[in-house]
Amino acid sequence: MKRAVLQLDALTKSFGALRVADAIGLEILAGETHAIIGPNGAGKTSLINQISGALAPDAGRIVFDGRDVTQMSMAARAHLGFARSFQITQVLPHFSALENVALAVQARSGSSFRFWQAAAGEANLNRVAVRSLETVELAERADTPAGSLSHGEKRRLEIAIALAHAPKLLLLDEPMAGAGSEETRRLVATLKSLKGRYSILLVEHDMQAVFALADRISVLVAGRIIATGEPQVVRADPAVRAAYLGEAT
Amino acid sequence: MPRARRAIPAVAPKAPPALTFDQRLAAGLFVLLALLPLLSRGIASSYLLLVGERVVIFAIAALSLELLIGAGGLVSFGHAAFLGIGAYAAGIVASHGHGTLSIALPAALATSALFALATGAIAVRTRGVYFIMITLAFAQMAFFIATSLAPYGGDDGLTWPTRTMLWGRPLLKDQLTFFYLCLALLIASYLGVGRLIASRFGRVLRGLKDNETRMQAIGFAPHLYRLTAYVIAGTLCGLAGFLLGNQAEFVSPAYMHWQRSGELIIMVLLGGTGTLYGPMLGALAFLLLEETLSRLTEHWKVMLGPALVLIALFASGGIAGAIAAWRQRRAMGARLALPLARRHRLGAARKGSRSWRRAGLRLLSRTARGLRRGADAARAACAPAKTALGRGLQALPSLAERRLKATVVRWWRE
């Protein structure tokens, strides 16, 4: 039996009368790619925001590596090994692609309260950053400002940033959102190459991508997990078909 | 191995690069300032040197504000508080007979740093307009504290017993020594702020300005970095205040007035934020405008206002932005034109620009004359509005205080 990296315990969150997380219990195992699917408004992004620390839950616990992180800030969680990409791309537009990644490396290696040495010339940071860019096939765009990259390239840059801090848990919020079919193919290939090396929580709308990537799938409907299991099992689940896949197919 | 070859230039630039255009501009500015005493020796008065000292001192203050605005995205509307605090701290210890450099300067810097730490700890929790309001409120508090410092002159200000003593001698009394000391400190500030912005810390600060969410997600907690920047900028501006107090051998609450804070912002924006030479040029341009326009008319701000509006409309990057745009145009022209055709066209353009300049000057002087006449007429007509405006401005600090109080209370409850 594999060890659980992340455990959610009765996580609950409401926005006014709208309950976006209703006693969610979930386990992400070490090394697995766990996908969360669900119709629009099911609370997927709210869930990932609570896990990453952008949103505080009303009740429940988030346990990471045996440690309760429910009250921790986003930055503190990042230091423990959380890394995330965003549904709406979040890069530093005025920094080069390389510096975007190098900053993530900097966050994990040594103090950032250094005031004299030029950061852009730190070879040990840049070396790791270049390797991370190579993983997502973006090395030749290293010197381009992130704001001038194409949408698909930005999405890959986000993954490179996430990989740069040697994460224990990757939280990917719709990494394929808005990407063309060619870009989606590339992104799936990239993520496939990461499979098994990282524990990944993937929120995604693209069903083909989900079934190609996920080891296990959880289905979130109206703030509740209605099914968790291997792709074939989930696909066959009558409740899931009724609530979600039925609409799609 | 094409991949490895591509990676190398990104990893380590080999030779130390020559001075960039920006650095050469800054160096030129420093040389020009350094030559100023030669010029002013010809003129009987040391008036020019006095203006030069003010330019240099305010350039230091503008640099410190640029660290907040340009690198940190923190528009402080209370930065002049540090000018006053630096000058008051040094003046007060001097009035107790401790006017030596080894005491007065550390007192000025430490007081500024402490004030920045205490107020910044609250201010950096807010963003945007709220940050502007809260820094304004703190500066107004400092202003009113200074006006109520009865033992140290209160409203009238505090006259320093002497300029700061160096090695037991009044060395700074000598105008040349003082001027070059200020200039040396400006150059040191320029180099220091430049290193700081390029450093690990500066990169985090710039990253937080660019996209705070992304920076948090990779593990940077914003408050601590912003607070550190605020303390560094406040201390540096405290140094400028120390020099300003020395220059005048006097300090008054007016040093911290919110108008002065506004002028510092104008210097940074007029010069062009995002570069280091920009704010320094901005300080130079602003003070020269002030000197020349205030000689034309006492209502010189009537002309400064429209000039600033025009800059905001047509040169949003300030002087630095205009220079960058000009360089880009020139570089493009040089690439496009054949050498011969280019010489021809340049000649024509030069002629054209000369007549344009004449027309521009005519327009400017006519506008100035019109404005002066208009201002005199407007003054008579607008007296009631002026008192109303004055009352409104008096109400502004109390509004800011209320806002601050609410924030503090909320913060406390949290």
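The structure is a predicted model, in which local features require pLDDT of at least 70 and side-chain atom pairs count only at pLDDT 80 or more, whereas totals for chains, interfaces and linings use all residues. Residues are numbered from 1 along each chain as its sequence is written, with chains lettered from A and ligands numbered from 1 in the order in which they are written.

In chain A, four strands form an open sheet in the order 2-1-4-5, with antiparallel pairing; strands (E, at least two residues) and helices (H or I, at least four) are DSSP runs numbered from the N terminus, and two strands pair if DSSP finds at least two bridges between them. Strand 2 (18-29) and strand 5 (67-68) of chain A are the edge strands, each pairing on one side only. Strand 5 of chain A is joined to the antiparallel strand 4 (residues 59-64) by two bridges, and A:R67 in strand 5 stands opposite A:F64. Helix 1 (residues 44-52) of chain A packs on the sheet and touches strand 1 (4-15), strand 2 and strand 4. The direction of this helix makes about 60 degrees with that of strand 2 of chain A; axes are lines fitted to C-alpha atoms, for helices over the stretch in contact, and angles run from 0 to 180 degrees between N-to-C directions.

Chain B contains 15 helices and two strands. B:L63 is found in helix 3 (residues 47-71) of chain B. B:L63 is buried because 28 other C-beta atoms lie within 10 Å, the cut-off being 20 or more, with C-beta atoms placed from the backbone. Beyond its neighbours within four places in sequence, B:L63 is in contact (C-beta atoms within 7 Å) with B:S189, B:Y190, B:V193, B:L276, B:P279 and B:M280.

Conventions: A residue is buried if 20 or more other C-beta atoms lie within 10 Å of its own, exposed if 12 or fewer, and partly exposed in between; C-beta atoms are placed from the backbone. Two residues are in contact if their C-beta atoms, placed from the backbone, lie within 7 Å.
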